[in-house]
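Please look over the structure shown below before reading on. The briefing that follows goes through its sheets, its helix packing and its nonpolar cores, topic by topic.

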Amino acid sequence: MRIRDNWNRPICSVPGPTFDVMERVTDDYNWTFRFTGRIIKDVINMGSYNYLGFAENKKESLTTIKDTVKKYGVAVCSSRQEMGNIDKHEELEKLVAQFLGVEAAMVFGMGFATNSMNIPALVGKGCLILSDELNHASIILGARLSKATIWTFKHNNMQSLENLLREAVIYGQPRSRRAWKKILILVEGVYSMEGSIVRLPEIIALKKKYKAYLYLDEAHSIGCVGSRGRGVVDYFGMDPFDVDVLMGTFTKSFAAAGGYIAGRKDLVDYLRVHSQSAVYATSMSVPIAEQIIRSMKSIMGLDGTTEGIQRIQQLAKNTKYFRNKLNEMGFILYGNQDSPVIPLLLYLPSKVAAFSRMLLQRKIGVVVVGFPATPLVEARARFCMSSSHTCEMLDMVLKEVDEIGNILRLKYSRHKKSAHPEPIDEKRFELED
């Protein structure tokens, strides 16, 4: 309760590289809040999943969206199985399949439900799910709803995964010892709290060796990882058909809403009939579909420009620059060098609130995360990079984070590089006769 003011801060602008925050205060130790009427302008946004900077309100960028609203309105008011199957949905699904290099794709109106409602359609009783211990809550919920047996393996640990696969194949189901109907491996492309990238080539090798199926959640990797923005499959140069179920969301790199399932045509056709989300949920809003089409065509270069690929390259540059500078300052970071998610370890829960408040006072917005989303003693701040961040913005954030790191004693790394290295004395290397 004492640190509740660091979450759910209301913003009142586009969540671009900067945004406006509504100032609020409390008179009863965070039980309730009241707005002061003051707007904190131009806060540098280091927390939104706006990886490629498509969350924007430029008139020239949103022309097609405006035309779509005029033609279709905002709501669909029906499911895809009834009166909610619009031509824009068909166009989007063909584009997603082309983008990923697979046979077919299906889109859903909610990213979270894409996992939680489709996993139960793929596995059930008598099936085994092997889930990474740090998988997202939507994957965990979907696995539990499926009523399949769930075993977890250590995060990105191939030895742990292979041990479970071997045990599953040799011993089968408990008590009856019958073979499992299916063995499904659930992993993410980029893990949103760790910033780590899945070891996809090794998982695919294990999947083939033990005749299992692979479900890959690319929510935080599609669009922003890989030289062409095709996610971790592109990043490792793998064949997309080696992944049985490709899942992703449009809420991050594409600055929209919803999610997709892609793969072989028979898989997609099966889900159109058996997925709860496909049958009962209201279909995706058409302006949202148009926003995804706009951003995806930009990434693919189908809009006749190189703007999309330039955004991907700029994101990679910003990510490496920001991560390297934080490392040099002496902070402990988690994650992969190429991941746009950069967790900075704060460790002590008491420092979470101080770090967030001090940054907001300096007009920098950041997401801080603690228990139960992370282990109790591994609280952290999570920086999400964007191609729309300028070098001046990043330098300003680095300057303030460096200063706050000294005040709060957050520079725990033993490998801190000195800002003023000692000059090399060449005489020390001369050999004596």
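## Briefing on the predicted model

Strand β3 and strand β9 (residues 259-263) pair in the antiparallel sense, and five bridges are found between them.

**The three-stranded sheet**

- A further open sheet has three strands in the order β10-β13-β12, and its pairing is antiparallel.
- Its edge strands are β10 (341-347) and β12 (367-369), each pairing on one side only.
- Neighbouring strands of this sheet are turned against each other by 25 degrees on average when direction is ignored.
- β10 is joined by six bridges to strand β13 (residues 379-384), and the two run antiparallel; within this pair, I342 stands opposite F383 in β13.
- Helix α12 (residues 349-361) packs on the sheet, where it touches β10, β12 and β13, and its direction makes about 125 degrees with that of β10.

**Pairings of strand β2**

- Strand β1 (residues 18-25) is joined to strand β2 (residues 34-45) by six bridges, and these two strands run antiparallel; the bridge partner of F19 in β2 is V43.
- β2 is also joined to strand β11 (residues 364-365), here by two bridges and in the parallel sense, with N45 standing opposite G365 in β11.

**Helix pairs**

- The axes of helix α1 (residues 63-72) and helix α10 (residues 286-300) come within 9 Å and cross at roughly 155 degrees, which means that α1 is roughly antiparallel to α10.
- The crossing of α1 and α10 is right-handed, and the contact is made by T64, I65, T68, V69 and Y72 of α1 together with V286, P287, E290, Q291 and R294 of α10.
- Helix α3 (residues 111-122) packs against helix α8 (residues 265-274) at an angle of about 105 degrees, with the axes 10 Å apart, and α3 is therefore roughly perpendicular to α8.
- In that packing, N118, A121 and L122 of α3 meet L267, Y270, L271 and H274 of α8.
- The axes of α3 and helix α4 (residues 137-146) come within 7 Å and cross at roughly 25 degrees, so the two helices are roughly parallel to each other.
- The crossing of α3 and α4 is right-handed, and the residues making the contact include F112, N115, S116 and M117 of α3 and A137, S138, I139 and L141 of α4.

**Nonpolar cores**

- The largest nonpolar core has 89 residues, and those with the most contacts inside it are L130, I185, F250, F322, L326, F355 and F383.
- Helix α13 (residues 391-408) contributes seven residues to this core, which is the largest share.
- Apart from this core lies another, of 22 residues, among them L122, I139, V245 and L267.
- When its neighbours within four places in sequence are left aside, F322 is in contact with M46, I342, F383, M385, L394, V397 and L398.
- In soluble globular proteins, nonpolar side chains tend to be buried together.

- K71 is exposed because its relative accessible area is 64%, and the cut-off for exposure is over 50%.
- K71 and F33 are 38 residues apart in sequence, while their C-alpha atoms are 41 Å apart in space.

Notes: Residues are numbered from 1 along each chain as its sequence is written. This is a predicted model: local features need pLDDT of at least 70, side-chain atom pairs count only at pLDDT 80 or more; totals for chains, interfaces and linings use all residues. Side-chain values use heavy atoms; hydrogens and water are left out. A nonpolar core is a set of buried Ala, Val, Leu, Ile, Met, Phe, Trp, Tyr and Cys residues joined through side-chain atoms within 4.5 Å. Buried means under 20% relative accessible area, exposed over 50%, partly exposed in between (1.4 Å probe, protein chains only). Helices (H or I, at least four residues) and strands (E, at least two) are DSSP runs, numbered from the N terminus. Contact means heavy atoms within 4.5 Å. Two strands pair if DSSP finds at least two bridges between them. Axes are lines fitted to C-alpha atoms, for helices over the stretch in contact, and angles run from 0 to 180 degrees between N-to-C directions. Angles under 35 degrees count as roughly parallel, over 145 as roughly antiparallel, 65 to 115 as roughly perpendicular and the rest as oblique. A crossing is left-handed if the near helix is turned anticlockwise from the far one by less than a right angle, and right-handed if clockwise.
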